[in-house]
Amino acid sequence: MPTTDRADLRSLRNAFVRPGPDDAVELRAFTHGLMPKRVPDMLQRFAEDWSQRGVDAWNAVPNHWQPDTPQPDDVGWWTLPMFLGDAFIAPLLGAPHGTCVMQPHVHWTMQCLLSAPEVIGRGSEVVLVDSAFPSVRHSVHRWQALNGLEPSVATRPESGHVAVERVIDRMGAHTAMVVLSHVGFTTGQRIPDRALRAVADAAHANDALFVIDGYHSACTFPIDVAALGADVYMGGLLKEGCGSSGNGFVYLREGLDLTPRLTGWFGNAEPFAFHDTPSPHPDVRRRFLGGTTAVASLYHAVEGVRLLLDAGLDTVHAHTQRLSQIVVDRAGEAPFSMRSPRHADERSALLVLEVPDAYQLCEYLKTRRIYTDSRKNRFIRMAPFVWNTAPEVHHALDVLTDAIESKAYRSFTPEPGGPVT
Ligand SMILES: Cc1ncc(COP(=O)(O)O)c(C=O)c1O
């Protein structure tokens with residue numbers, strides 16, 4: 001690794017608050033990223049803008065998000081979702097100016113899509129896979145009674161990895177929309193760009209929209225939404241984006257004219273005219289706004305994104321790949337196996353390992369200050385990320401291996417926890 005890369009990574013690592021003590025290994029970037037050190041300052045800025053400007057903050061606030069650039073004239077609470085979309089989300093996705101907007105969460109974006117006549121009119125089915133996140137899958141099921149679109153669900157082979165051919169096989173003239181995760185939350189499988197492009201081409205040949213859920217991909221490697229053929233690319237900054245909750249986003253391809261019925265007065269063409277009937281805002285992305293925007297979370301939304309973009313998404317990707325390769329290499333001899341794909345171009349930061357009694361093991365690891373999570377009492381998930389180092393990953397795997405081999409964790413009774421595992 002060149003020395004400058006190492007120095008950049010060290011300063012990136014130090015830009016986050018790492019919970020102590022020093023030997024703690026935080027591997028849960030895939031569920032809630034660490035807090036960037038600048039966040040308390042940004043929350044203070046919100047309090048100052050509110051207390052000093054009051055209502056006028058809706059029109060204008062200082063550009064806290066880009067302190068080193070000249071003040072643009074479009075930074076105020078009213079326009080913040082579009083401003084942050086242009087300044088921070090577009091560079092993450094390789095998207096043009098004017099195509100990205102902040103959203104409360106993926107769930108909301110899905111409701112907007114499923115309520116748009118331009119989606120409903122394209123066919124009678126939504127193609128998705130059985131491992132789609134509930135914000136996608138449940139939404140399609142729930143809307144079926146209202147919009148008539150049936151879910152057409154591609155099942156996965158025994159490996160648990162999405163087979164793109166099965167998704168393409170389900171498409172036809174009846175397909176209205178296809179939704180796929182760029183990186184799956186149950187396996188960490190990254191669908192390679194060429195495979196996503198094949199899905200996009202098949203969708204477009206059937207006049208269907210191609211929607212990518214990029215929750216675990218945005219912020220972990222560079223993305224080019226146009227090359228992928230995405231009509232819509234949605235996600236959030238809670239996880240690897242280190243922006244905490246309330247900070248989703250969506251990219252809408254230029255020229256994609258959607259009029260979600262689940263829109264609000266913030267998506268109206270003339271919100272302060274208070275006309276009797278609504279008319280959609282000419283800027284399509286604004287139609288994905290609802291009622292009054294929750295602005296407080298937008299203050300800390302992009303502090304992680306800024307750090308990752310400054311370091312370079314190529315650097316971030318190379319580092320996480322180096323760390324995840326350690327896990328893949330050791331899985332050959334260790335008492336755990338990889339649920340995630342082993343090939344570098346089919347995995348991202350998130351890794352899923354198959355282990356015995358995963359829940360108890362994960363809780364035991366916490367007592368040894370190794371932080372992962374467990375699913376279905378069968379899998380442990382971890383995402384070595386920018387604040388982790390190779391010695392940390394080796395240490396975590398040593399403790400994990402030792403716990404399984406010695407069966408030490410089997411006699412351990414976890415404290416009753418909350419609903420979040
Ligand atoms: C693939 C994927 N999509 C979406 C979400 C979150 O959805 P929402 O923003 O609706 O909470 C997650 C959260 O874990 C996820 O893993």
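Predicted model: local features only at pLDDT ≥ 70, side-chain atom pairs only at ≥ 80, totals over all residues.

Colleague: Is α11 itself mostly covered or mostly open?
Modeller: Buried means under 20% relative accessible area. Glu-303, Gly-304, Val-305, Arg-306, Leu-307, Leu-308 and Ala-311 are buried in α11. That is 7 of its 9 residues, so the helix is mostly covered.

Colleague: How do the axes of α3 and α11 cross: parallel or oblique?
Modeller: α3 spans residues 80–93 and α11 spans residues 303–311. Their axes come within 10 Å and cross at roughly 50°. That angle makes α3, relative to α11, oblique.

Colleague: Is the crossing of α3 and α11 left-handed or right-handed?
Modeller: The handedness goes with the pass of α3 over α11. For this pair the crossing is left-handed.

Colleague: Which residues of α11 meet α3, and how many residues in the contact are charged?
Modeller: From α3 come Phe-88, Pro-91 and Leu-92. They meet Val-305, Arg-306 and Leu-309 in α11. By class, the contact of α3 with α11 has 5 nonpolar and no polar residues, and the charged count is 1.

Colleague: Which residues are linked with Arg-306 in a network of salt bridges?
Modeller: Arg-306 is one of the buried residues of α11. Glu-303 is also listed as buried in α11. The network links Arg-306 with Arg-38 and Glu-303.

Colleague: How many salt bridges does a search of the whole structure find?
Modeller: The search covers the whole structure. One of the pairs is Arg-190 with Asp-193. The total is 21.

Colleague: How many residues apart in sequence are the parts tied together by Arg-156 and Asp-130?
Modeller: The two side chains meet in a salt bridge at 2.6 Å, N to O. Arg-156 lies in the loop between β6 (150–154) and α7 (164–169), and Asp-130 in the loop between β5 (125–129) and α6 (134–147), so the pair ties together parts whose separation in sequence is 26 residues.

Colleague: Are Arg-156 and Asp-130 buried or partly exposed?
Modeller: The cut-off for buried is under 20% relative accessible area. Arg-156 has 23% relative accessibility. Asp-130 has 22%. Arg-156 counts as partly exposed, and Asp-130 likewise counts as partly exposed.

Colleague: Where do Arg-287 and Asp-257 lie, and how many residues apart in sequence are the parts they tie together?
Modeller: The side chains of Arg-287 and Asp-257 meet in a salt bridge at 2.8 Å, N to O. Both Arg-287 and Asp-257 lie in the loop between β10 (248–252) and α10 (296–300), so the pair ties together parts with a sequence separation of 30 residues.

Colleague: What distance separates the C-alpha atoms of Ala-198 and Ala-90?
Modeller: Ala-198 sits in helix α8, residues 193–205. It is partly exposed, with a relative accessible area of 32%. Along the chain, Ala-198 and Ala-90 are 108 residues apart, and their C-alpha atoms are separated by 23 Å.

Technical notes:
Residues numbered from 1 in each chain as written. Heavy atoms only, no water. Axes fitted to C-alpha atoms, helices over the stretch in contact; angles between N-to-C directions. Helix = DSSP H or I, 4+ residues; strand = E, 2+ residues; numbered from the N terminus. Parallel < 35°, antiparallel > 145°, perpendicular 65-115°, else oblique. Left-handed = near helix turned anticlockwise from the far one by under 90°. Contact = heavy atoms within 4.5 Å. Nonpolar A, V, L, I, M, F, W, Y, C, P; charged D, E, K, R; others polar. Buried < 20%, exposed > 50% of the residue type's maximum accessible area, 1.4 Å probe, protein only. Salt bridge = Lys/Arg side-chain N within 4 Å of Asp/Glu carboxyl O.
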